[in-house]
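Let's take a short walk through this model together. Keep your viewer open and be ready to select residues as we go.

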Amino acid sequence: MEQEPKLDDLPEATSLKGKRGTKKIVSAFFNSMHGIQVAWRHESAFREELLLTLFMSTVTLFLPVTALERTLLIGVWVGVLIVELLNSAIEAVVDLASPQWHALAKRAKDIASAAVFLSLLLAMLVWLGVLISLWGK
């Protein structure tokens, strides 16, 4: 019976990818920018949420809020974008792995969609809370 290798015996992931240090950081940056570009091109929900994020971020410039509140107001919308990117990635992988309808594929997509919904709900609640606190001043 063959014994599994210990974690210390496995090669580092970076050595498998062939890039280290600055080259790895630069490569990761360009891969990330490509991911945003692909999401913009193929995902309408991402485009809508990115435009909403830019609009809402601009709105914060005109609100009498602290730097921390402004960061929170913008940050929740950036959080929506992050969750949307993860949702899109999950959907792409599910479509690749299961081109035909499957209950587990639907479950994965529905759960990822629920995460986007909750992030949008959180963004709205944070904005509502900050706006209500401004109204009371």
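Predicted model: local features only at pLDDT ≥ 70, side-chain atom pairs only at ≥ 80, totals over all residues.

Keep both side chains on screen. The count of aromatic pairs comes to one, and Phe29 and Phe30 form it: the arrangement is edge-to-face, at 5.3 Å centre to centre and 80 degrees between the planes.

Next, bring up helix α3, residues 44–60, together with α4. How far apart are their axes, and at what angle do the helices pack? The axes are 9 Å apart and the angle is about 175 degrees, so α3 and α4 are roughly antiparallel to each other. To see the contact, show side chains on both helices: on α3 the residues include Phe46, Leu50, Thr53 and Met56, while on α4 they include Leu73, Trp77, Val80 and Glu84. By class, this contact has 12 nonpolar, three polar and three charged residues.

For the next stop, select the largest nonpolar core, which has 12 residues. Among them are Met56, Leu63, Leu73, Trp77, Trp127 and Leu134. The elements giving two or more residues to this core are α4 (67–97) and α5 (103–135), and the largest share, five residues, comes from α5.

Leaving aside neighbours within four places in sequence, Val130 is in contact with Val65 and Leu73.

Definitions and conventions: Residues numbered from 1 in each chain as written. Heavy atoms only, no water. Phe/Tyr/Trp six-rings, centres within 6.5 Å; stacked < 30°, edge-to-face > 60°. Core = buried A, V, L, I, M, F, W, Y, C linked by side-chain atoms within 4.5 Å. Buried < 20%, exposed > 50% of the residue type's maximum accessible area, 1.4 Å probe, protein only. Helix = DSSP H or I, 4+ residues; strand = E, 2+ residues; numbered from the N terminus. Contact = heavy atoms within 4.5 Å. Axes fitted to C-alpha atoms, helices over the stretch in contact; angles between N-to-C directions. Parallel < 35°, antiparallel > 145°, perpendicular 65-115°, else oblique. Nonpolar A, V, L, I, M, F, W, Y, C, P; charged D, E, K, R; others polar.
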